[in-house]
Amino acid sequence: MKPLDRIIDAARKAPRHIVLPEGEDPRIVAGAVQARREGLAEITLVGNREVITQRLAALDAIPQEFRIEDPACSPLTDDFATAYLERRRSKAVDAAAARAAALSPLTFAAMMVREGMADGTVGGAVATTADTVRAALQVIGRAPGVGLVSSFFLMMLCEPHHARKGAFVFADCGLVVDPDAAGLADIARMSAKSYEMLAGERAKVAMLSFSTGGSAAHERVSKVVEATGMARLAEPDLIIDGELQFDSAFVEAVCLTKAPHSALRGEANVFVFPNLDAANIGYKIAQRIGGATAIGPILQGLSRPANDLSRGCSAADVFHMIAVTVVQAA
């Protein structure tokens with residue numbers, strides 16, 4: 001079974017309720033209809049009821065099979081404004097600002113998740129990553145014991161030309177710009193857990209650098225080495241090595257030459273990049289030149305699932321992200 005099919009199958013076996021704040025967007029509606037038809041999730045679409053109903057009808061979907069919430073007239077909005085005010089009062093938020101926040105589809109959807117009315121949320125087809133993540137952080141918040149919320153892309157290598165096939169995690173490609181050693185260690189640990197949850201296989205984590213095993217001396221290399229040690233100390237059973245160049249982590253023959261004592265043996269499936277520059281460039285090269293399917297950015301470290309879409313996403317991307325979010329929630 002291909003990795004993406006496995007995720008869809010896992011979601012189908014344990015469906016959850018997912019709220020989509022950009023419910024008027026045709027791509028969102030099409031992805032939601034597919035998820036509903038395939039039994040992955042119950043769906044709430046947030047936005048203007050008339051527009052959403054028309055979008056559903058155009059796809060021969062039954063509007064009554066979807067929950068539609070318009071913050072401008074929803075009976076939930078007043079309660080959400082009150083709850084938001086209590087949560088954000090210490091940040092100098094007043095009643096008017098809380099009301100405005102509750103009317104925002106992103107915040108409204110996040111409040112549904114926080115209040116237990118939905119199991120996860122997916123946005124970002126229209127909103128920026130900054131706005132999408134801000135709503136999730138302010139309303140849903142970090143999971144207990146988590147110091148850093150980060151993101152990753154699930155990279156699917158399933159084409160005939162791919163030398164290694166399967167699911168791979170690239171982190172952090174969308175959120176943390178320049179993590180320090182402690183932050184990098186957190187990203188590595190969370191990415192390993194995310195990989196095992198979604199791929200169903202044991203994580204093998206490579207901490208990437210332009211150096212392998214001390215081949216170069218630089219403070220940026222030292223940061224990766226320090227982060228690797230911190231992650232090992234926190235998770236003694238984690239299979240992790242660094243610093244490694246990508247080829248040493250991905251190709252067994254190169255690993256045996258450059259890092260013969262590495263526990264990864266060129267079989268890494270989780271790749272932790274040293275900063276956002278490298279990670280974002282790396283995943284886009286893998287996607288556009290290498291032909292990998294990229295799903296994300298997927299957020300990790302929140303108390304409940306909330307995920308981001310690219311503004312250039314397709315309906316298929318929406319469907320896949322709904323599946324990922326269902327698996328996270330389950």
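Which residue forms a salt bridge with Asp 131, and how many Å apart are the closest N and O atoms? The partner is Arg 134, and the closest N and O atoms of the pair are 2.6 Å apart. Point 6 returns to this pair.

1. Basis of the note. The structure is a predicted model, in which local features need pLDDT of at least 70, side-chain atom pairs count only at pLDDT 80 or more, and totals for chains, interfaces and linings use all residues. Residues are numbered from 1 along each chain as its sequence is written, and side-chain values use heavy atoms, with hydrogens and water left out.

2. The chain is divided into domain 1 (3-141 + 303-329) and domain 2 (150-293), with bounds that come from an automatic or database domain assignment. Taken over C-alpha atoms, the centres of domain 1 and domain 2 are separated by 30 Å. The contact (heavy atoms within 4.5 Å) takes 9 residues from domain 1 and 11 residues from domain 2. The area buried between domain 1 and domain 2 is about 820 Å², and carbon and sulfur atoms give 77% of that area. Buried area here is the accessible area (1.4 Å probe) that two parts lose on being put together, summed over both. On the side of domain 1, Pro 3, Arg 6 and Gln 328 lose the most area to domain 2, together 48% of what that side buries.

3. The largest pocket. A pocket is defined on a 1 Å grid over the protein atoms alone, as an open set of points with protein on both sides within 12 Å along at least five of seven lines; lining residues have an atom within 4 Å of a point. Grid points are joined across faces, edges and corners, and a volume is the space filled by probe spheres set on the points. The largest pocket has a volume of about 580 Å³. It is lined by 28 residues, of which Phe 153, Tyr 283, Gly 296, Pro 297 and Ser 310 are the closest to its centre. Helix H12 (276-288), strand E10 (293-300) and helix H13 (315-329) are the elements that give two or more residues to this lining, and H12 gives the most, with 6 residues. Helices (H or I, at least four residues) and strands (E, at least two) are DSSP runs, numbered from the N terminus. The lining of the largest pocket divides into 12 nonpolar, 11 polar and 5 charged residues. In this scheme Ala, Val, Leu, Ile, Met, Phe, Trp, Tyr, Cys and Pro count as nonpolar, Asp, Glu, Lys and Arg as charged, and the others, Gly among them, as polar. Domain 1 and domain 2 each contribute at least three residues to the lining of the largest pocket.

4. The second largest pocket. About 400 Å³ of space lies in this pocket. Among its 18 lining residues, Val 146, Met 190, Gln 300, Gly 301 and Leu 302 are the closest to its centre. Helix H8 (181-199) and E10 each supply at least two residues of the lining, and H8 gives the most, with 6 residues. The second largest pocket lies between domain 1 and domain 2, because both give residues to its lining.

5. Backbone geometry. Most residues other than glycine have a negative phi, and most peptide bonds are trans. The peptide bond from Gly 242 to Glu 243 is cis, with omega near 10°, and Glu 243 is found in strand E8 (residues 239-244). The bond from Gly 296 to Pro 297 is also cis, with omega near 5°; Pro 297 is found in strand E10. Asp 60 is not a glycine, yet has a positive phi of about 60°, and lies in the loop between helix H3 (49-58) and strand E3 (67-69).

6. Salt bridges. A salt bridge is a side-chain nitrogen of Lys or Arg within 4 Å of a carboxyl oxygen of Asp or Glu. By this rule the count comes to 16 salt bridges, while the interface of domain 1 and domain 2 has 0. Arg 134 and Asp 131 both lie in helix H7 (residues 129-140), 3 residues apart, about one turn of the helix.

7. The cavity. A cavity is a set of grid points where a 1.4 Å probe fits but cannot get out. The search of the whole structure finds 1 cavity of 30 Å³ or more, and the largest cavity has a volume of about 70 Å³. H7 gives the most to its lining, with 4 residues. The lining residues divide into 8 nonpolar, 4 polar and no charged.
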